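Visitor: I would like to learn how to read a protein model. Please take me through a few features.

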Amino acid sequence: MGRHGWNSGAQRWRLTALLGVGVAALALVVTLLNTLPGGGASTAGTTRDGDKVHGTPVTPPGTPQPAVGWGFTHTQFSADEGNDAATERAEGLLEKRSLPQNQHIMGWGAGNPEPSKGRYDFTEMDRRIDFVRKSGGTPVVTLCCSPDWMKGGRPGANHTNWSQASLETAPDRAHYEDFAELAATVAKRYPDVRHFIVWNEFKGFWNNAEARWDYEGYTQLYNLVYKALKKVDKDIMVGGPYLVMDSFDPRQKENASTTVKGAWGAMDQRVLDAFDYWNKHKAGADFVVVDGSSYTKDDDLLPDEFGATDKLTAVSEWVRARTHGLPLWWAEYYVEPADGNDDRKGWSETHRVAVQAAGMIAMARGGATSGFYWNPEEEKGSGCAGCLWTPTDGAEGGAALPMFDLVSRFSAAFGPGAGYETVSVAADDVPNVRVLATDKAVLVVNTRNRPISAQVDGRRFALGAYGVKWLTR
(Lines give C-alpha, C1' and ligand atoms only; values in the text may rest on other atoms or scores of the structure.)
Protein backbone atom coordinates (compact mmCIF):
# COMPACT_ATOMS: atom_id res chain seq x y z
CA MET A 1 0.00 0.00 0.00
CA GLY A 2 2.96 2.29 0.26
CA ARG A 3 3.72 2.32 -3.43
CA HIS A 4 1.89 5.47 -4.35
CA GLY A 5 3.85 8.35 -2.91
CA TRP A 6 1.33 8.95 -0.16
CA ASN A 7 3.33 11.70 1.54
CA SER A 8 1.79 15.02 0.68
CA GLY A 9 2.69 17.55 3.27
CA ALA A 10 4.98 16.33 6.00
CA GLN A 11 7.26 19.29 5.32
CA ARG A 12 4.51 21.88 4.99
CA TRP A 13 3.99 22.79 8.60
CA ARG A 14 3.03 26.39 9.22
CA LEU A 15 6.08 27.23 11.33
CA THR A 16 7.21 30.77 12.08
CA ALA A 17 10.71 31.65 13.21
CA LEU A 18 10.74 33.61 16.43
CA LEU A 19 13.01 36.57 15.84
CA GLY A 20 13.32 38.31 19.18
CA VAL A 21 11.29 38.77 22.32
CA GLY A 22 8.81 41.18 20.72
CA VAL A 23 8.03 38.84 17.84
CA ALA A 24 7.77 35.91 20.23
CA ALA A 25 5.25 37.76 22.35
CA LEU A 26 3.21 38.65 19.26
CA ALA A 27 3.33 35.02 18.11
CA LEU A 28 2.07 33.93 21.52
CA VAL A 29 -0.88 36.29 21.30
CA VAL A 30 -1.74 35.09 17.78
CA THR A 31 -1.48 31.49 18.92
CA LEU A 32 -3.85 32.08 21.80
CA LEU A 33 -6.32 33.82 19.53
CA ASN A 34 -6.21 30.97 17.06
CA THR A 35 -6.57 28.14 19.56
CA LEU A 36 -9.73 26.27 20.40
CA PRO A 37 -10.38 25.39 24.05
CA GLY A 38 -8.88 22.08 25.11
CA GLY A 39 -5.77 20.35 23.85
CA GLY A 40 -4.23 23.36 22.11
CA ALA A 41 -6.06 22.67 18.85
CA SER A 42 -5.11 25.56 16.57
CA THR A 43 -7.63 26.97 14.12
CA ALA A 44 -5.01 28.99 12.24
CA GLY A 45 -5.73 29.09 8.53
CA THR A 46 -9.16 27.48 8.86
CA THR A 47 -12.65 28.80 8.15
CA ARG A 48 -16.17 27.73 9.01
CA ASP A 49 -17.56 28.17 5.49
CA GLY A 50 -15.96 25.15 3.83
CA ASP A 51 -19.00 24.64 1.62
CA LYS A 52 -18.73 28.12 0.10
CA VAL A 53 -18.27 27.80 -3.66
CA HIS A 54 -14.62 28.29 -4.56
CA GLY A 55 -13.52 30.33 -7.54
CA THR A 56 -15.36 30.14 -10.83
CA PRO A 57 -16.68 26.62 -11.49
CA VAL A 58 -16.47 25.40 -15.07
CA THR A 59 -19.59 23.29 -15.31
CA PRO A 60 -20.01 21.35 -18.57
CA PRO A 61 -23.45 21.41 -20.18
CA GLY A 62 -25.94 18.61 -19.67
CA THR A 63 -26.12 15.70 -17.26
CA PRO A 64 -22.72 14.19 -16.40
CA GLN A 65 -21.93 10.79 -17.89
CA PRO A 66 -20.52 8.02 -15.70
CA ALA A 67 -17.55 7.29 -17.99
CA VAL A 68 -14.92 10.03 -18.22
CA GLY A 69 -12.19 8.39 -20.31
CA TRP A 70 -8.45 8.04 -19.79
CA GLY A 71 -6.50 10.56 -17.74
CA PHE A 72 -4.23 10.78 -14.71
CA THR A 73 -4.03 11.34 -10.96
CA HIS A 74 -2.17 14.26 -9.39
CA THR A 75 0.32 13.09 -6.79
CA GLN A 76 2.47 14.85 -4.20
CA PHE A 77 4.06 17.16 -6.77
CA SER A 78 2.27 18.51 -9.81
CA ALA A 79 2.13 21.47 -12.15
CA ASP A 80 -0.05 23.62 -9.90
CA GLU A 81 3.20 24.88 -8.34
CA GLY A 82 6.57 25.91 -9.70
CA ASN A 83 8.04 28.32 -12.20
CA ASP A 84 5.29 30.32 -13.94
CA ALA A 85 6.54 29.53 -17.44
CA ALA A 86 6.73 25.83 -16.62
CA THR A 87 3.28 25.59 -15.06
CA GLU A 88 1.78 27.48 -17.99
CA ARG A 89 3.53 25.11 -20.40
CA ALA A 90 2.00 22.10 -18.62
CA GLU A 91 -1.40 23.79 -18.61
CA GLY A 92 -1.08 24.33 -22.35
CA LEU A 93 -0.29 20.67 -22.96
CA LEU A 94 -3.36 19.58 -21.03
CA GLU A 95 -5.63 22.23 -22.49
CA LYS A 96 -5.23 20.70 -25.93
CA ARG A 97 -6.29 17.26 -24.69
CA SER A 98 -8.99 17.86 -22.00
CA LEU A 99 -7.92 14.85 -19.95
CA PRO A 100 -9.80 13.78 -16.82
CA GLN A 101 -7.72 14.65 -13.74
CA ASN A 102 -8.11 13.03 -10.34
CA GLN A 103 -7.19 14.58 -6.97
CA HIS A 104 -7.50 13.24 -3.41
CA ILE A 105 -8.95 15.45 -0.68
CA MET A 106 -6.15 14.76 1.82
CA GLY A 107 -2.67 13.59 0.92
CA TRP A 108 -0.98 13.42 -2.46
CA GLY A 109 -0.67 17.18 -2.70
CA ALA A 110 -3.66 18.22 -0.57
CA GLY A 111 -3.55 19.29 3.07
CA ASN A 112 -5.88 18.40 5.92
CA PRO A 113 -9.30 19.64 4.73
CA GLU A 114 -10.96 19.71 8.17
CA PRO A 115 -8.35 19.92 10.95
CA SER A 116 -11.08 20.29 13.58
CA LYS A 117 -14.76 19.50 13.31
CA GLY A 118 -16.44 22.29 11.36
CA ARG A 119 -13.13 24.13 10.67
CA TYR A 120 -11.89 23.80 7.09
CA ASP A 121 -8.69 24.44 5.16
CA PHE A 122 -8.89 23.77 1.43
CA THR A 123 -5.84 25.84 0.46
CA GLU A 124 -4.01 23.10 -1.48
CA MET A 125 -7.20 21.49 -2.75
CA ASP A 126 -8.38 24.85 -4.12
CA ARG A 127 -5.10 25.27 -5.98
CA ARG A 128 -5.34 21.80 -7.53
CA ILE A 129 -8.94 22.32 -8.62
CA ASP A 130 -7.98 25.70 -10.08
CA PHE A 131 -5.26 23.96 -12.10
CA VAL A 132 -7.71 21.38 -13.43
CA ARG A 133 -10.07 24.17 -14.43
CA LYS A 134 -7.36 26.23 -16.13
CA SER A 135 -6.01 23.23 -18.00
CA GLY A 136 -9.43 22.25 -19.33
CA GLY A 137 -9.64 18.90 -17.57
CA THR A 138 -12.60 16.95 -16.27
CA PRO A 139 -12.20 17.08 -12.48
CA VAL A 140 -12.52 13.87 -10.47
CA VAL A 141 -12.17 13.76 -6.68
CA THR A 142 -11.15 10.76 -4.60
CA LEU A 143 -12.64 11.03 -1.12
CA CYS A 144 -9.59 9.94 0.86
CA CYS A 145 -8.11 10.37 3.32
CA SER A 146 -9.69 11.46 6.65
CA PRO A 147 -8.73 14.17 9.19
CA ASP A 148 -6.97 13.02 12.36
CA TRP A 149 -9.89 13.71 14.70
CA MET A 150 -12.02 11.21 12.75
CA LYS A 151 -9.58 8.37 13.43
CA GLY A 152 -8.45 8.79 17.03
CA GLY A 153 -5.92 11.57 16.47
CA ARG A 154 -5.81 15.09 17.85
CA PRO A 155 -7.84 17.90 16.27
CA GLY A 156 -6.26 21.15 15.18
CA ALA A 157 -4.35 22.63 12.28
CA ASN A 158 -1.13 22.09 14.21
CA HIS A 159 -1.67 18.40 14.94
CA THR A 160 -1.95 16.67 11.56
CA ASN A 161 0.04 13.45 11.56
CA TRP A 162 1.42 12.98 8.04
CA SER A 163 2.99 9.56 8.66
CA GLN A 164 1.99 6.83 6.26
CA ALA A 165 0.45 4.79 9.07
CA SER A 166 -1.77 7.69 10.09
CA LEU A 167 -2.78 8.69 6.59
CA GLU A 168 -3.75 5.12 5.75
CA THR A 169 -6.00 4.79 8.81
CA ALA A 170 -9.72 4.69 8.09
CA PRO A 171 -12.18 6.85 10.05
CA ASP A 172 -13.62 5.33 13.22
CA ARG A 173 -17.14 4.00 12.73
CA ALA A 174 -18.37 6.72 15.08
CA HIS A 175 -17.14 9.26 12.53
CA TYR A 176 -18.44 7.71 9.30
CA GLU A 177 -21.24 10.27 9.20
CA ASP A 178 -18.73 13.07 9.82
CA PHE A 179 -16.73 11.86 6.82
CA ALA A 180 -19.91 11.79 4.73
CA GLU A 181 -20.60 15.38 5.78
CA LEU A 182 -17.06 16.31 4.70
CA ALA A 183 -17.71 14.69 1.33
CA ALA A 184 -20.87 16.76 0.95
CA THR A 185 -18.91 19.90 1.89
CA VAL A 186 -16.38 19.15 -0.86
CA ALA A 187 -19.18 18.64 -3.39
CA LYS A 188 -20.75 21.99 -2.47
CA ARG A 189 -17.41 23.80 -2.63
CA TYR A 190 -16.63 22.48 -6.13
CA PRO A 191 -19.96 22.13 -7.93
CA ASP A 192 -18.20 21.44 -11.24
CA VAL A 193 -16.79 18.20 -9.80
CA ARG A 194 -19.41 15.69 -10.88
CA HIS A 195 -17.48 12.45 -10.28
CA PHE A 196 -16.44 11.16 -6.85
CA ILE A 197 -14.55 8.00 -5.91
CA VAL A 198 -15.15 6.83 -2.33
CA TRP A 199 -11.91 6.11 -0.44
CA ASN A 200 -8.67 4.60 -1.72
CA GLU A 201 -7.66 0.93 -1.78
CA PHE A 202 -9.61 -0.01 1.38
CA LYS A 203 -6.86 1.74 3.36
CA GLY A 204 -7.41 0.97 7.04
CA PHE A 205 -10.19 -1.51 6.30
CA TRP A 206 -8.48 -4.76 7.24
CA ASN A 207 -10.05 -7.19 9.70
CA ASN A 208 -7.06 -8.55 11.63
CA ALA A 209 -9.14 -10.99 13.66
CA GLU A 210 -10.42 -12.77 10.55
CA ALA A 211 -7.48 -12.02 8.23
CA ARG A 212 -9.71 -10.50 5.57
CA TRP A 213 -10.92 -7.13 4.37
CA ASP A 214 -13.42 -5.27 6.54
CA TYR A 215 -15.85 -4.99 3.66
CA GLU A 216 -18.76 -4.40 6.04
CA GLY A 217 -17.12 -1.27 7.42
CA TYR A 218 -16.13 0.06 4.01
CA THR A 219 -19.59 -0.54 2.58
CA GLN A 220 -21.20 1.26 5.51
CA LEU A 221 -18.94 4.25 4.90
CA TYR A 222 -19.53 4.10 1.15
CA ASN A 223 -23.31 4.06 1.53
CA LEU A 224 -23.31 7.07 3.86
CA VAL A 225 -21.09 9.03 1.46
CA TYR A 226 -23.15 7.98 -1.55
CA LYS A 227 -26.37 9.22 0.06
CA ALA A 228 -24.77 12.46 1.25
CA LEU A 229 -23.47 13.29 -2.24
CA LYS A 230 -26.78 12.46 -3.92
CA LYS A 231 -28.50 14.76 -1.42
CA VAL A 232 -26.24 17.60 -2.60
CA ASP A 233 -27.03 16.88 -6.27
CA LYS A 234 -28.78 13.77 -7.56
CA ASP A 235 -26.77 13.99 -10.78
CA ILE A 236 -23.40 13.62 -9.04
CA MET A 237 -21.69 10.42 -10.17
CA VAL A 238 -20.38 8.18 -7.35
CA GLY A 239 -18.32 5.00 -7.52
CA GLY A 240 -16.28 2.48 -5.54
CA PRO A 241 -14.93 0.26 -4.07
CA TYR A 242 -11.36 1.03 -5.32
CA LEU A 243 -10.04 -2.37 -4.25
CA VAL A 244 -6.52 -3.52 -5.04
CA MET A 245 -6.98 -6.54 -7.30
CA ASP A 246 -4.07 -8.56 -5.93
CA SER A 247 -2.93 -11.84 -7.46
CA PHE A 248 -0.60 -14.68 -6.47
CA ASP A 249 1.88 -16.96 -8.17
CA PRO A 250 -0.08 -19.72 -9.96
CA ARG A 251 1.44 -22.32 -7.62
CA GLN A 252 0.06 -20.71 -4.46
CA LYS A 253 -3.06 -22.33 -3.06
CA GLU A 254 -3.81 -20.42 0.17
CA ASN A 255 -6.39 -17.65 -0.44
CA ALA A 256 -6.02 -18.14 -4.19
CA SER A 257 -9.08 -18.09 -6.43
CA THR A 258 -9.81 -21.31 -8.24
CA THR A 259 -11.82 -19.55 -10.95
CA VAL A 260 -10.17 -16.20 -11.73
CA LYS A 261 -6.71 -17.23 -12.84
CA GLY A 262 -4.40 -17.52 -15.80
CA ALA A 263 -0.75 -17.72 -16.81
CA TRP A 264 -0.39 -14.40 -14.96
CA GLY A 265 -1.40 -15.97 -11.63
CA ALA A 266 -4.52 -16.39 -9.50
CA MET A 267 -6.60 -13.69 -7.90
CA ASP A 268 -6.67 -13.27 -4.11
CA GLN A 269 -10.05 -14.73 -3.18
CA ARG A 270 -10.33 -12.33 -0.22
CA VAL A 271 -10.38 -9.42 -2.66
CA LEU A 272 -13.08 -11.05 -4.76
CA ASP A 273 -15.15 -11.69 -1.62
CA ALA A 274 -14.82 -8.04 -0.58
CA PHE A 275 -15.90 -6.88 -4.01
CA ASP A 276 -18.90 -9.18 -4.05
CA TYR A 277 -20.06 -7.96 -0.62
CA TRP A 278 -19.84 -4.31 -1.65
CA ASN A 279 -21.55 -5.04 -4.94
CA LYS A 280 -24.45 -6.79 -3.20
CA HIS A 281 -24.92 -4.29 -0.34
CA LYS A 282 -24.06 -0.93 -1.93
CA ALA A 283 -26.70 1.80 -1.80
CA GLY A 284 -26.01 2.48 -5.47
CA ALA A 285 -23.21 3.24 -7.89
CA ASP A 286 -22.84 5.13 -11.15
CA PHE A 287 -19.55 3.46 -12.02
CA VAL A 288 -17.32 0.81 -10.47
CA VAL A 289 -13.67 1.37 -9.52
CA VAL A 290 -10.75 -1.01 -9.04
CA ASP A 291 -7.00 -0.72 -9.14
CA GLY A 292 -4.06 -3.06 -9.27
CA SER A 293 -0.97 -4.28 -11.01
CA SER A 294 -0.28 -6.75 -13.78
CA TYR A 295 2.33 -8.42 -11.57
CA THR A 296 1.77 -10.65 -8.54
CA LYS A 297 2.05 -9.67 -4.88
CA ASP A 298 5.63 -10.98 -5.08
CA ASP A 299 6.35 -8.63 -8.00
CA ASP A 300 6.51 -11.45 -10.54
CA LEU A 301 5.65 -10.61 -14.16
CA LEU A 302 4.15 -13.82 -15.52
CA PRO A 303 4.79 -15.19 -18.05
CA ASP A 304 6.60 -11.93 -18.95
CA GLU A 305 5.86 -8.22 -18.65
CA PHE A 306 3.55 -8.18 -21.70
CA GLY A 307 1.81 -11.46 -20.96
CA ALA A 308 1.19 -10.27 -17.40
CA THR A 309 -1.08 -7.51 -18.71
CA ASP A 310 -3.63 -10.21 -19.61
CA LYS A 311 -4.53 -10.08 -15.92
CA LEU A 312 -5.98 -6.58 -16.46
CA THR A 313 -8.30 -7.99 -19.12
CA ALA A 314 -9.37 -10.93 -16.95
CA VAL A 315 -10.09 -8.73 -13.93
CA SER A 316 -11.99 -6.22 -16.04
CA GLU A 317 -14.16 -8.98 -17.52
CA TRP A 318 -14.82 -10.47 -14.07
CA VAL A 319 -15.91 -7.12 -12.64
CA ARG A 320 -18.04 -6.24 -15.65
CA ALA A 321 -19.85 -9.58 -15.47
CA ARG A 322 -20.97 -8.76 -11.91
CA THR A 323 -21.95 -5.12 -12.21
CA HIS A 324 -24.60 -5.28 -14.92
CA GLY A 325 -23.24 -2.71 -17.33
CA LEU A 326 -21.78 -0.19 -14.88
CA PRO A 327 -18.84 1.65 -16.50
CA LEU A 328 -15.54 0.30 -15.21
CA TRP A 329 -12.76 2.61 -14.03
CA TRP A 330 -9.19 1.65 -13.17
CA ALA A 331 -8.22 4.27 -10.58
CA GLU A 332 -4.60 3.09 -10.76
CA TYR A 333 -2.79 0.51 -12.87
CA TYR A 334 0.81 -0.65 -12.63
CA VAL A 335 2.86 -2.75 -15.02
CA GLU A 336 6.37 -2.09 -13.71
CA PRO A 337 7.31 -3.32 -10.22
CA ALA A 338 8.82 -0.75 -7.87
CA ASP A 339 12.24 -1.05 -6.29
CA GLY A 340 13.06 -0.89 -2.58
CA ASN A 341 12.69 2.90 -2.63
CA ASP A 342 9.24 2.67 -4.22
CA ASP A 343 10.65 3.97 -7.52
CA ARG A 344 10.05 2.61 -11.00
CA LYS A 345 13.24 3.53 -12.79
CA GLY A 346 14.63 0.18 -13.89
CA TRP A 347 13.30 0.20 -17.45
CA SER A 348 14.12 2.47 -20.36
CA GLU A 349 11.37 4.96 -21.17
CA THR A 350 10.74 3.18 -24.48
CA HIS A 351 10.25 -0.13 -22.66
CA ARG A 352 8.06 1.53 -20.02
CA VAL A 353 5.78 3.21 -22.55
CA ALA A 354 5.38 -0.01 -24.55
CA VAL A 355 4.29 -2.07 -21.54
CA GLN A 356 2.01 0.73 -20.35
CA ALA A 357 0.40 0.79 -23.78
CA ALA A 358 -0.11 -2.97 -23.61
CA GLY A 359 -1.68 -2.58 -20.17
CA MET A 360 -4.09 0.08 -21.38
CA ILE A 361 -5.01 -2.08 -24.36
CA ALA A 362 -5.66 -4.97 -21.96
CA MET A 363 -8.00 -2.89 -19.77
CA ALA A 364 -9.93 -1.62 -22.79
CA ARG A 365 -10.28 -5.14 -24.16
CA GLY A 366 -11.78 -6.18 -20.82
CA GLY A 367 -14.42 -3.46 -21.07
CA ALA A 368 -12.89 -0.61 -19.05
CA THR A 369 -13.98 2.84 -20.17
CA SER A 370 -11.85 4.99 -17.88
CA GLY A 371 -8.41 4.79 -16.33
CA PHE A 372 -6.10 7.08 -14.37
CA TYR A 373 -2.34 6.96 -14.80
CA TRP A 374 -0.62 7.53 -11.45
CA ASN A 375 1.72 10.37 -12.42
CA PRO A 376 5.01 9.95 -10.50
CA GLU A 377 5.92 13.63 -10.80
CA GLU A 378 9.22 14.85 -9.35
CA GLU A 379 9.50 18.17 -7.53
CA LYS A 380 12.66 19.22 -9.34
CA GLY A 381 15.41 18.07 -11.66
CA SER A 382 15.72 17.24 -15.34
CA GLY A 383 14.95 13.52 -15.32
CA CYS A 384 11.58 12.07 -14.47
CA ALA A 385 11.07 8.37 -15.20
CA GLY A 386 7.51 7.63 -16.22
CA CYS A 387 6.31 11.21 -15.69
CA LEU A 388 3.87 12.97 -17.97
CA TRP A 389 5.92 16.18 -18.07
CA THR A 390 9.25 17.46 -16.80
CA PRO A 391 9.40 18.96 -13.27
CA THR A 392 8.10 22.52 -13.10
CA ASP A 393 10.71 23.98 -10.75
CA GLY A 394 12.60 25.67 -13.61
CA ALA A 395 11.64 27.81 -16.59
CA GLU A 396 12.21 24.91 -19.02
CA GLY A 397 9.95 22.55 -17.09
CA GLY A 398 6.44 21.42 -17.93
CA ALA A 399 7.53 19.89 -21.25
CA ALA A 400 5.76 16.79 -22.52
CA LEU A 401 7.41 13.41 -21.97
CA PRO A 402 6.73 10.16 -23.88
CA MET A 403 4.15 8.95 -21.36
CA PHE A 404 2.08 12.09 -21.91
CA ASP A 405 1.93 11.34 -25.62
CA LEU A 406 0.69 7.81 -24.92
CA VAL A 407 -1.96 8.75 -22.34
CA SER A 408 -3.28 11.75 -24.26
CA ARG A 409 -3.45 9.96 -27.62
CA PHE A 410 -5.06 6.90 -26.02
CA SER A 411 -7.67 9.18 -24.44
CA ALA A 412 -8.43 10.85 -27.77
CA ALA A 413 -8.63 7.59 -29.74
CA PHE A 414 -10.30 5.27 -27.24
CA GLY A 415 -12.53 7.46 -25.10
CA PRO A 416 -16.03 6.57 -23.84
CA GLY A 417 -18.21 5.17 -26.59
CA ALA A 418 -15.32 3.96 -28.70
CA GLY A 419 -16.34 1.06 -30.91
CA TYR A 420 -13.51 -1.43 -31.15
CA GLU A 421 -12.86 -3.32 -34.36
CA THR A 422 -10.79 -6.35 -35.28
CA VAL A 423 -7.97 -5.66 -37.70
CA SER A 424 -5.83 -8.10 -39.61
CA VAL A 425 -2.40 -9.03 -38.25
CA ALA A 426 0.00 -11.22 -40.23
CA ALA A 427 0.22 -14.67 -38.64
CA ASP A 428 3.93 -14.42 -37.93
CA ASP A 429 3.42 -11.02 -36.26
CA VAL A 430 0.69 -12.13 -33.83
CA PRO A 431 3.19 -13.18 -31.09
CA ASN A 432 5.11 -9.92 -31.48
CA VAL A 433 2.48 -7.19 -31.26
CA ARG A 434 -0.48 -5.95 -29.21
CA VAL A 435 -3.14 -4.10 -31.18
CA LEU A 436 -6.24 -2.02 -30.41
CA ALA A 437 -8.35 -0.40 -33.13
CA THR A 438 -11.46 1.62 -33.90
CA ASP A 439 -12.77 2.70 -37.29
CA LYS A 440 -10.44 5.71 -37.12
CA ALA A 441 -7.26 4.69 -35.31
CA VAL A 442 -5.01 1.70 -34.65
CA LEU A 443 -2.47 1.39 -31.84
CA VAL A 444 0.31 -1.14 -32.41
CA VAL A 445 2.88 -2.16 -29.77
CA ASN A 446 6.05 -4.14 -30.44
CA THR A 447 6.54 -6.50 -27.49
CA ARG A 448 10.06 -7.44 -28.55
CA ASN A 449 13.33 -5.86 -27.53
CA ARG A 450 14.41 -5.81 -31.15
CA PRO A 451 13.25 -4.14 -34.37
CA ILE A 452 10.54 -5.94 -36.34
CA SER A 453 8.70 -5.52 -39.61
CA ALA A 454 4.99 -5.92 -38.93
CA GLN A 455 1.94 -6.17 -41.16
CA VAL A 456 -1.17 -4.81 -39.45
CA ASP A 457 -4.46 -3.70 -41.03
CA GLY A 458 -3.08 -4.41 -44.49
CA ARG A 459 -0.01 -2.20 -44.06
CA ARG A 460 3.59 -3.24 -43.50
CA PHE A 461 5.90 -1.01 -41.50
CA ALA A 462 9.00 -1.14 -39.34
CA LEU A 463 8.84 -0.94 -35.56
CA GLY A 464 11.88 -0.34 -33.37
CA ALA A 465 12.54 -2.30 -30.20
CA TYR A 466 9.48 -1.80 -27.94
CA GLY A 467 8.13 0.57 -30.56
CA VAL A 468 4.65 2.10 -30.32
CA LYS A 469 2.97 3.19 -33.54
CA TRP A 470 -0.32 4.91 -34.30
CA LEU A 471 -2.09 4.31 -37.61
CA THR A 472 -4.90 6.40 -39.08
CA ARG A 473 -7.68 4.54 -40.88
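Visitor: Which residues does Ser135 touch, not counting residues up to four places away in sequence?

Guide: First, the ground rules. This is a predicted model, in which local features need pLDDT of at least 70 and side-chain atom pairs count only at pLDDT 80 or more, while totals for chains, interfaces and linings use all residues. Residues are numbered from 1 along each chain as its sequence is written, and side-chain values use heavy atoms, with hydrogens and water left out. Contact means heavy atoms within 4.5 Å. Ser135 touches Glu91, Leu94, Glu95 and Gln101, residues up to four places away in sequence not being counted.

Visitor: Where does Ser135 lie, and is Ser135 buried or exposed?

Guide: Helices (H or I, at least four residues) and strands (E, at least two) are DSSP runs, numbered from the N terminus. Ser135 lies in the loop between helix 3 and strand 5. Buried means under 20% relative accessible area, exposed over 50%, and partly exposed in between, with a 1.4 Å probe and protein chains only. Ser135 is buried because its relative accessible area is 0%.

Visitor: What do the buried residues of helix 3 pack against?

Guide: The buried residues of helix 3, among them Met125, Ile129, Phe131 and Val132, pack against helix 2 (84-95), strand 4 (100-104), strand 5 (138-143) and helix 5 (176-189). Just after helix 3, Gly136 has a positive phi of about 75°.

Visitor: How do I read the sheet order 10-12-11?

Guide: Strands of a sheet pair through backbone hydrogen bonds, either parallel or antiparallel. Two strands count as paired if DSSP finds at least two bridges between them. Here three strands form an open sheet in the order 10-12-11, with antiparallel pairing. Strand 10 (247-248) and strand 11 (256-262) are the edge strands, each pairing on one side only. Two bridges join strand 10 to strand 12 (residues 265-268), and Phe248 stands opposite Ala266 in strand 12.

Visitor: At what angle do helix 5 and helix 6 pack?

Guide: Axes are lines fitted to C-alpha atoms, for helices over the stretch in contact, and angles run from 0 to 180 degrees between N-to-C directions. Helix 5 and helix 6 (residues 215-232) pack at about 35°, with their axes 8 Å apart. The contact includes Phe179 and Ala183 of helix 5 and Leu221 and Leu224 of helix 6. Its residues divide into twelve nonpolar, two polar and two charged. Ala, Val, Leu, Ile, Met, Phe, Trp, Tyr, Cys and Pro count as nonpolar, Asp, Glu, Lys and Arg as charged, and the others, Gly among them, as polar.
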